[in-house]
Amino acid sequence: RRNIAVMTSGGDAPGMNANVRAVVRAAIFRGCKAYAVMEGYEGLVRGGPEYIKEMTWHDVKGYLSEGGTKIGTARCMAFKERKGRLQGCKHLIEAGIDALIVCGGDGSLTGADLFRSEWPSLIDELRKNGDISEEKYQKHKHLNICGTVGLIDNDMATTDATIGAYSSLDRICKAIDYIDATANSHSRAFVVEVMGRHCGWLALMAGIATSADYILIPEKPSSSQDWQDQMCKIVSKHRAKGKRKSIVIVAEGAITSDLQPISANNVKDVLVDRLGLDTRVTTLGHVQRGGNAVAYDRFLATLQGVEAVKAVLDCTPDTPSPLIAIDENKLVRKPLVEAVKITKSVATAIENKDFDKAMSLRDSE
Ligand code: ADP
């Protein structure tokens, strides 16, 4: 009988609760005990029954649709240090946990991968210090780890969709629908800034789904002059055809080809100065994370939670930690370390202005 723990970590995303529910129930269904680590890695570092809690079937009632994460998440600096991870190791062993499923973004999954690879040396140190008994040492020689990706940006290599991305997209589209009405009424332009760090997926998809006039994303930078000229030309053309509203969507990571950030206010100034449009800026901010999970995220999180439990039960000490991905509509296990590595390389390539490399890395996934 295995003891399987689930944790949510990093930025919250709608669907994380559905993932926790699926892990808890699939674990119980398979005759295991289920646990939740509260407050992300902070809960591991703090330990004890308050932070590593056994979960029953009924404890996750109502989790399927609810946004955010009910077991808490946190940014935990202590876990980035070996000392913090040593505490985490000790607390997991004290609670008798032998598998951990982490639902989070690339930072959280980097931490998970490091934790697993370091595990043998961590338990050796605990044994040497007399912090764990010989019996516990023998029983917990390996920790199985599995990742599911909970992240609104949809910015993780080797998976087509992350838990939360479609809910966030839906929220952005609804917000733009509301803005459309007021923009039309006053014949205004609106510049809408959306989240996404290095990834323009939310901005691009929202732009298509709301027929925005212009979209600025980090993956397709151009010189300041070029994007301004192109945007003004397109917006003026639409206005000349009688369109009363103009919507420009800016991803938070949008940049020029010489790596200057493009802010929503920059875009507004251009629309005002060059086209004389009455222009407002709307930064959607945390509204994009809120609210219930859409059907797709409930479904993805549930299937991935069930698959994560199967994966940790299948894993041997030699199996690389898996990440549960969705690839061309099929649930698949991918090596966690690989997914994290490619995601980081794309971000670094964008930071280094090597856009061709960033795109080819994305295409090669
Ligand atoms: P996300 O998972 O959404 O990308 P973060 O990057 O903030 O969010 O990571 C969440 C947490 O994961 C951090 O607060 C930290 O506890 C842990 N973490 C992130 N990167 C590492 C790392 N390189 N080593 C160990 N732990 C890490």
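Two strands pair if DSSP finds at least two bridges between them; helices (H or I, at least four residues) and strands (E, at least two) are DSSP runs, numbered from the N terminus. The model is predicted: local features need pLDDT of at least 70, side-chain atom pairs count only at pLDDT 80 or more, and totals for chains, interfaces and linings use all residues. Residues are numbered from 1 along each chain as its sequence is written.

**View 1. Strands E6 and E8 run parallel and are joined by six bridges.** Strand E6 covers residues 189-194, and strand E8 covers residues 246-251. Ala-189 has Ser-246 of E8 as its bridge partner.

**View 2. An open sheet of four strands has the order E7-E8-E6-E9.** The pairing is parallel. Strand E7 (214-216) and strand E9 (279-283) are the edge strands, each pairing on one side only. On average, neighbouring strands of this sheet are turned by 15 degrees against each other, direction ignored. Axes here are lines fitted to C-alpha atoms, for helices over the stretch in contact, and angles run from 0 to 180 degrees between N-to-C directions.

**View 3. Helices H6 and H9 lie across strands of the sheet.** Helix H6 (residues 165-186) lies across E6, E8 and E9 and runs at about 165 degrees to E6. Helix H9 (residues 264-275) also lies across E6, E8 and E9, running at about 165 degrees to E9. Two residues are in contact if their C-beta atoms, placed from the backbone, lie within 7 Å.

**View 4. The protein chain contains 12 helices and 11 strands.** Its C-alpha trace spans about 80 × 40 × 35 Å along the principal axes.
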